[in-house]
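Please read them alongside the sequence and the coordinates.

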Amino acid sequence: MRLPFLTLTAIATLFVAADASAQTYDPRYPVCMHVYTPGGGFGGGGGDYFDCSFTSLPQCRATASGRSASCDLNPYYAFDEPPPPRRRPKKQH
């Protein structure tokens with residue numbers, strides 16, 4: 001009885017200790033600011049997050065100025081790319 005209890009306690013501890021915040025990118029904006037938060041204090045810490053609410057790199061860089069942050073293109077933004085050229089079917093002889 002003792003071993004199953006200790007096993008369940010260990011598993012529950014792992015789930016509680018895991019980072020539960022899901023990373024989200026807003027696909028409506030082309031630029032994200034990656035903000036780094038300092039660690040320390042009781043319980044450890046820090047971390048980082050993304051703020052994907054910018055329409056240009058200069059706008060993001062102005063907001064990130066003086067902060068522990070960097071600006072990157074949003075990997076989930078659907079850039080306006082032209083569709084690939086249509087291929088013509090081969091003529092049969």
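**Comments on the predicted model**

1. Leu-57 has a relative accessible area of 26%, so this residue counts as partly exposed. Leu-57 belongs to helix H2. Leaving out residues up to four places away in sequence, Leu-57 touches Val-31, Cys-71, Asp-72 and Leu-73. Between Leu-57 and Cys-71 the C-alpha distance is 6.7 Å, with 14 residues separating them in sequence.

2. The model is predicted, and confidence should be read first. The mean pLDDT of the protein is 75, and 61% of the residues score at least 70. Among the elements, H2 has the highest mean pLDDT, 96, while H1 has the lowest, 52. Over residues 12–20 the pLDDT stays under 50, and the model has zero contacts beyond four places in sequence for that stretch. Helix H1 covers residues 2–17.

3. The largest nonpolar core has seven residues: Val-31, Met-33, Val-35, Phe-54, Cys-60, Ala-64 and Cys-71. S1 gives the largest share, three residues.

4. Which residues does Cys-71 contact, apart from its neighbours within four places in sequence? The list is Val-31, Cys-32, Met-33, Leu-57, Cys-60, Arg-61 and Ala-64. Val-31, Met-33, Cys-60 and Ala-64 are, like Cys-71 itself, members of the core described above. Strand S3 spans 69–73. Leu-57, one of the contacts of Cys-71, is partly exposed at 26% relative accessible area.

5. The start of H2 deserves a look. Ser-56 sits in the loop between S2 and H2. One of its side-chain oxygens comes within 3.2 Å of the backbone nitrogen of Gln-59, at the start of H2. With a relative accessible area of 26%, Ser-56 is partly exposed. The C-alpha atoms of Ser-56 and Cys-71 are separated by 9.5 Å, and the two residues are 15 apart along the chain.

6. Beyond the other end of the helix, Gly-66 follows H2 and has a positive phi, near 80°.

7. How many aromatic pairs are there? The count is two. In the pair of Tyr-25 and Phe-50, the ring centres are 4.9 Å apart and the planes meet at 40°, so this pair is tilted. Tyr-25 is in the loop between H1 and S1, Phe-50 is in strand S2 (residues 47–54), and the pair links parts of the chain 25 residues apart.

8. Tyr-25 also pairs with Tyr-76: here the centres are 5.1 Å apart and the planes are at 50°, so this pair is tilted as well. Tyr-76 lies in the segment after S3, 51 residues from Tyr-25. Together, Tyr-25, Phe-50 and Tyr-76 form one aromatic cluster.

How values were computed:
Residues are numbered from 1 along each chain as its sequence is written. Side-chain values use heavy atoms; hydrogens and water are left out. A nonpolar core is a set of buried Ala, Val, Leu, Ile, Met, Phe, Trp, Tyr and Cys residues joined through side-chain atoms within 4.5 Å. Buried means under 20% relative accessible area, exposed over 50%, partly exposed in between (1.4 Å probe, protein chains only). Helices (H or I, at least four residues) and strands (E, at least two) are DSSP runs, numbered from the N terminus. Contact means heavy atoms within 4.5 Å. Rings of Phe, Tyr and Trp (its six-membered ring) pair if their centres lie within 6.5 Å; planes under 30 degrees apart count as stacked, over 60 as edge-to-face and the rest as tilted. pLDDT is the predictor's confidence in each residue, from 0 to 100. A polar contact is a pair of N or O atoms within 3.5 Å; within protein, one must be able to donate a hydrogen and the other to accept it, and residues adjacent in sequence count only if both atoms are side-chain atoms.
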